[in-house]
Amino acid sequence: MLTYYRCAGGTIERLDFEAARLKEKPGAFHWIDLEDPTAQEASILENPFHFHPLAIEDSLAELQHPKVDDYDAYMLLVVHGIRFDAPTDEFVTRELDVFLGPDYLITHHDGPMRSISSAREQCGKNLQAAMPRGVDFLLHQILDQMFEHYFPNLDAIEDKIQLVQVEVFEKPTRETLDRIFVLKRDVQKLRRICMPQREIVHRLSRGEFKVISPKAALYFRDIYDNLYRIVDASFSYQDMMQGTLDAYLSAINNRLNETMKRLTVLGAIFASMTVITGVDGMSFDYVAELKWRYGYPLVFVIMAAVTGALVWFFKKKQWV
């Protein structure tokens, strides 16, 4: 789906896209959003914008990592939004590709994105305050909202970590270990996309690109601060997950030690019975209690007495 907005004289209107509209009103700003575009809709990247073939390839492919490329007259920006779907324990990222020029902004993404939908809704009602100031300000608003949406998802991840920690200390199971590894993978994925995005936004805030005005560059510092907090949180979650994994392994080792201790106690008890029955069952002609009427019950009494003595000894030593 291709959505086209033009801002001229402070008024934003939604129009059907035609190449001629780009030059119809001098000084106008243009925003084209490509959501799951068809091949025909995506062809505008080649004509009329004539972007570099490598830039077009990067924007339409699933890169999996953030990046920024400066082509002097325009720039290509690739960033990722996140969503942590708590009911299904699924961590989802969504790529946003951005072409930014002096008077145009082109966004491409597969599937809906909340920050884009919000900006489109405001433009449709002519309530968008950033676009009349320039497309670089519009880019700032989109990125600012996208990274603001990180924080509720971070809270969801932290809640999941805390639930797993409680499970580790109360009753760890094999499923607990699976959940630990899933969360550990999600946190690593979060770090992998947030750390380069922090550096990218830092470059945007320093005014390294011609298509971003000095006035707009100042506003990107606020996004940088948010990303700094997000990266710090990802490091904290990584430490929490490593600590949780260590606690799980310790709990399993303690459980194994308790099991081995019980088996050792049982082995000692049965070993004593084996000695008694072995001595009493030797095949000699002259055995003291062999023909005694109470010899057989006496063996069981001795075995019971030895077992009781061993249990008392183990309890005294707090081995059971």
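This is a predicted model: local features need pLDDT of at least 70, side-chain atom pairs count only at pLDDT 80 or more; totals for chains, interfaces and linings use all residues.
## Covered or open?

A residue is called buried when its relative accessible area is under 20%, exposed when the value is over 50%, and partly exposed in between (1.4 Å probe, protein chains only).

Residues are numbered from 1 along each chain as its sequence is written, and side-chain values use heavy atoms, with hydrogens and water left out.

## The whole chain

The chain holds eight helices and seven strands. Both are DSSP runs, numbered from the N terminus: helices are H or I with at least four residues, and strands are E with at least two. Of the 320 residues in the chain, 43% are buried.

The accessible surface of the chain comes to about 17600 Å², and carbon and sulfur atoms own 57% of that surface. Such areas come from the Shrake-Rupley method with a 1.4 Å probe; for residues, only the protein chains shown count as cover.

## Strands side by side

Two strands pair if DSSP finds at least two bridges between them. Return to β7 and look at its partners. Strand β3, residues 29-35, pairs with β7 in the parallel sense over six bridges, and I32 stands opposite I106 in β7. Strand β6, residues 90-100, runs antiparallel to β7, and five bridges join them. Here V98 has T107 as its bridge partner in β7, and L96 stands opposite H109. A hairpin of three residues connects β6 to β7.

Another pair involves β1 (residues 2-8) and β2 (residues 11-15), which run antiparallel and are joined by five bridges. R6 stands opposite E13 in β2. This hairpin has two residues between the strands, and G9 takes a positive phi near 65 degrees there.

Which residues of helix α2 (residues 53-60) are buried? They are A55, I56, D58 and S59. These four cover an arc of only 165 degrees around the axis, so they sit on the same side of α2. The arc is that of the directions from the helix axis to the C-beta atoms. P53 and E57 are exposed on the other side of α2.

Most residues other than glycine have a negative phi, and most peptide bonds are trans. With that in mind, some places in the loops deserve a look. The loop between β3 and α1 contains D36, which has a positive phi of about 50 degrees although it is not a glycine. D36 is partly exposed, with a relative accessible area of 42%.

The loop between α1 (39-42) and α2 contains P48, and the peptide bond from N47 to P48 is cis, with omega near 25 degrees. H50 also lies in the loop between α1 and α2. H50 is not a glycine, yet its phi is positive at about 55 degrees. With a relative accessible area of 56%, H50 is exposed.

## The largest pocket

Where does the largest pocket get its lining? β5 (75-85), β6 and α3 (114-124) each supply at least two residues of it. The lining has 13 residues, of which I82, R83, P112, M113 and R114 lie nearest the centre of the pocket. A pocket here is an open set of points on a 1 Å grid over the protein atoms alone where a 1.4 Å probe fits, with protein on both sides within 12 Å along at least five of seven lines; lining residues have an atom within 4 Å of a point.

The volume of the largest pocket is about 190 Å³. A volume is the space filled by probe spheres set on the points, and grid points are joined across faces, edges and corners.
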